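Here's a walk through one protein model, helix by helix and contact by contact. Have the viewer open while you read.

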Amino acid sequence: ALAEPSFPAALAALLHVLEPEKNAPGSAPAASSAVQTANEVGERWRLSNKERELTVWLLEHYGRLRQAANQPWSAVQPLLVDPGAADLIALHESVESARGGLHAAQAREDAAFCRQKLALPKAELDPPPLLTGNDLLAHGVPKGVIYKRLLAGVRAAQLDGKIRTRDEALALVDRLLRDSQ
């Protein structure tokens, strides 16, 4: 069902059957036997790192576009700004369509939604983050591993439209810091 797939997309389509239901919408990618097999095949066949890494990425994220329009934008957007997005959409649509019935109809809706979002201007699809680590430092947040969690929380709130300005982002940082104590 893949029309003119890239090699990594075709390989991911073949290997995805090792764990066809592993990723639910909005879930974090999980290591799997499909990923392990992709790495082993990549080494044995001497694929380029780029081909192997894209195959692995597709397998790790396969299934995360299900019900894309009903997920928070912060769950879908990182997938769509990745260079492998077109392959992921094609993989999702072809595999789910091959399952037939309601899966096929939903896959077409998911793919249409994702392609519509990909057509957005870059500033809308992938707006610049409201805060950086330097902003946190200037705000008085001590350096540490908490930066990653704070920046991820601010970015998700930004993408989901909950905050729109730097001041709102800093206020969210303060709330997140208070809640973590």
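## A serine and its partners

Leaving out neighbours within four places in sequence, Ser-94 is in contact with Ala-1 and Leu-2, where contact means heavy atoms within 4.5 Å. Ser-94 sits in helix α5; helices here are DSSP runs of H or I with at least four residues, strands are E runs of at least two, and both are numbered from the N terminus. With a relative accessible area of 8%, Ser-94 is buried. The cut-offs are under 20% for buried, over 50% for exposed and in between for partly exposed, using a 1.4 Å probe and protein chains only. The side chain of Ser-94 also has a polar atom 3.1 Å from the backbone oxygen of Leu-91. For a polar contact, a pair of N or O atoms must lie within 3.5 Å; within protein, one must be able to donate a hydrogen and the other to accept it, and residues adjacent in sequence count only if both atoms are side-chain atoms.

Before going further, some ground rules. This is a predicted model, so local features need pLDDT of at least 70 and side-chain atom pairs count only at pLDDT 80 or more, while totals for chains, interfaces and linings use all residues. Residues are numbered from 1 along each chain as its sequence is written, and side-chain values use heavy atoms, with hydrogens and water left out.

## The whole chain

The protein chain has ten helices and zero strands. Its C-alpha atoms fill a box of roughly 50 × 35 × 30 Å along the principal axes. Of its 181 residues, 40% count as buried. Take the contacts with a separation of 6 or more: 65% of them come from residues 24 or more positions apart.

## Around α3

What does the length of α3 look like against expectation? Helix α3 covers residues 49-61, and at 1.5 Å a residue its 13 residues should span 18 Å; the end C-alpha atoms are 18 Å apart, so the two agree. The expected span is 1.5 Å times one less than the number of residues. After α3 comes Gly-63, with a positive phi near 95°.

The buried residues of α3 are Arg-52, Thr-55, Val-56, Trp-57, Leu-58, Leu-59 and His-61. Their cover includes α1 (7-15), α2 (33-44), α4 (73-80) and α5 (85-99). Seen from α1, the buried residues are Pro-8, Ala-9, Leu-11, Ala-12, Ala-13 and Leu-15, and these pack against α2, α3 and α5.

How do α2 and α3 cross? Their axes come within 9 Å, at roughly 170°. Axes are lines fitted to C-alpha atoms, for helices over the stretch in contact, and angles run from 0 to 180 degrees between N-to-C directions. The pair is therefore roughly antiparallel; that label takes angles over 145 degrees, with under 35 counting as roughly parallel, 65 to 115 as roughly perpendicular and the rest as oblique. On the α2 side are Ala-34, Val-35, Ala-38, Asn-39 and Gly-42, which meet Arg-52, Thr-55, Val-56, Leu-59 and Glu-60 in α3.

Helices α4 and α9 (residues 146-159) pack at about 100°, with axes 8 Å apart. That makes α4 roughly perpendicular to α9. Trp-73, Ser-74 and Gln-77 of α4 make the contact with Arg-155, Ala-156 and Leu-159 of α9.

| Residue | Relative accessible area | Class |
|---|---|---|
| His-16 | 10% | buried |
| Gly-84 | 3% | buried |
| Pro-121 | 49% | partly exposed |

His-16 belongs to the loop between α1 and α2. A polar atom of the His-16 side chain lies 2.6 Å from the backbone oxygen of Ala-13. Beyond four places in sequence, His-16 is in contact with Leu-59, Tyr-62 and Val-95.

Gly-84 is in the loop between α4 and α5. Not counting residues up to four places away in sequence, Gly-84 touches Leu-54, Trp-57 and Leu-58. Gly-84 and Leu-58 are 26 residues apart along the chain, yet their C-alpha atoms are separated by 7.4 Å.

Pro-121 lies in the loop between α6 (101-118) and α7 (122-125).
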